[in-house]
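I set out to record what I looked up in this structure, entry by entry. The sequence and model come before my notes.

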Amino acid sequence: MSDKGKQILDTFKKIVPELTESEKERLLAFGEGMAFKAEQQKKQEASRSDE
């Protein structure tokens, strides 16, 4: 994992316990949305490579 990745995880490790349930749900939804978008981009790039 990169240093930036470690920094991100350390930051979330500190802040998540302080969040309300609503804030945790919002953060989770945001992360899931980012993961979905990244997966779609991978699929799109793979289909371009197949052409």
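**Notebook: helices, surface and charges**

I located Ile15 in helix H1, residues 3–15; helices (H or I, at least four residues) and strands (E, at least two) are DSSP runs numbered from the N terminus. The model is predicted, so I note that local features need pLDDT of at least 70 and side-chain atom pairs pLDDT 80 or more, while totals for chains, interfaces and linings use all residues. Residues are numbered from 1 along each chain as its sequence is written, and side-chain values use heavy atoms, without hydrogens and water.

I looked up the make-up of the protein chain and found two helices and zero strands. I then checked burial: 4% of the 51 residues count as buried (under 20% relative accessible area; exposed is over 50%, partly exposed in between; 1.4 Å probe, protein chains only).

I returned to Ile15, which is partly exposed at a relative accessible area of 39%.

I next looked for salt bridges (a side-chain nitrogen of Lys or Arg within 4 Å of a carboxyl oxygen of Asp or Glu) and recorded a count of one. Lys24 pairs with Glu21, with 3.5 Å between the closest N and O atoms. I note that the two are about one helical turn apart because Lys24 and Glu21 lie three residues apart in helix H2, residues 21–50. Lys24 is partly exposed at 28% relative accessibility, whereas Glu21 is exposed at 54%.

Last, I took the extent of the protein chain: its C-alpha atoms fill a box of roughly 50 × 25 × 5 Å along the principal axes.
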